[in-house]
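Colleague: I have a model open on my screen and would like to learn how to read its features. Could you walk me through them?

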Amino acid sequence: MCINVCYLGEVEYQEALFIQERIWALRVEKKIGDTLLLLEHPPVITIGRRGSKKNILVSDEFLKKMDVKVFEVSRGGDVTYHGPGQLVGYPIFDLALTDRDIKKFVYLLEEVFIRLLKDQFGKEAHRDENKYTGVWVGNDKIVAIGIAVKKWVTMHGFAFNVNTNLEHFSWIVPCGLKDRGVTSLERLIGSTIRFEDVVDKVQTYFGKVFGKSLNILGKEKLFDLLKI
């Protein structure tokens, strides 16, 4: 068993959602294997199923001026920001392969980053057992996780703050949590990280944690499979 992995670069949120939905449909029909999309978004705010627009702290006029779009989406969780320097991942996986255990799947997503941060950067990160999803360093979130599951196939996924502009999180109450902060890899190690190096590390640790080999696809190859 292997994971198809494709790094798409910067992609508008709506376009990435279309690609996800296309892969999801093929995965449900077992016409494609488990697939991980890795990418960046231009600045965008998404609101999950449990979210509230009250957790967006700036006006519609401000967002329009900053060219920031807002989407209500089917993932779990509240309000999240995506933007340049943040590695977003969308695993479209068949949960039948993890015993249809959603908690186990989220645990494995968190484990990818806990191991990566410790092994590669010497940073101790942790999950917040039985309370909040995601990966934390102290009281600050470095990886947000919000998934949707339909017909036992996942959509949406994670957002890993690499070189993210953390000031943009002041536009929202991140994940609806007023008593928690956010951080980035850049802040933790005190320097900017080469983004492509982090992409490589994330896909490598996905293979390790999920116990699968990787099938690295270029964008053209993926689009050919999807008939886009």
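Predicted model: local features only at pLDDT ≥ 70, side-chain atom pairs only at ≥ 80, totals over all residues.

Colleague: Is strand 2 mostly covered or uncovered?

Modeller: Helices (H or I, at least four residues) and strands (E, at least two) are DSSP runs, numbered from the N terminus. Buried means under 20% relative accessible area, exposed over 50%, and partly exposed in between, using a 1.4 Å probe and protein chains only. Strand 2 is mostly covered, with six of its six residues buried. Thr35, Leu37 and Leu39 lie on one side, and Leu36, Leu38 and Glu40 on the other.

Colleague: Which way do strand 1 and strand 2 run?

Modeller: Two strands pair if DSSP finds at least two bridges between them. Strand 1 and strand 2 run parallel, joined by six bridges, and glycine 9 stands opposite leucine 39. Strand 2 also has five bridges to strand 6 (residues 86-92), and these two run antiparallel. There, leucine 38 has glycine 89 as its bridge partner.

Colleague: What makes up the largest nonpolar core?

Modeller: In soluble globular proteins, nonpolar side chains tend to be buried together. A nonpolar core is a set of buried Ala, Val, Leu, Ile, Met, Phe, Trp, Tyr and Cys residues joined through side-chain atoms within 4.5 Å. The largest one here has 37 residues, and those with the most contacts inside it include Leu87, Phe158 and Phe206. Helix 3 (102-121) is one of the elements that supply at least two residues of this core; its 10 residues are the largest share.

Colleague: How do I read the aromatic rings?

Modeller: Rings of Phe, Tyr and Trp (its six-membered ring) pair if their centres lie within 6.5 Å; planes under 30 degrees apart count as stacked, over 60 as edge-to-face and the rest as tilted. By this rule there are 13 aromatic pairs. Tyrosine 81 and phenylalanine 169 are edge-to-face, 5.3 Å centre to centre with 75° between the planes. Tyrosine 81 lies in strand 5 (residues 79-82) and phenylalanine 169 in the loop between strand 10 and strand 11 (181-182), so the pair ties together parts that are 88 residues apart in sequence. Tyrosine 81 and phenylalanine 169 are both buried.

Note on methods
Residues numbered from 1 in each chain as written. Heavy atoms only, no water.
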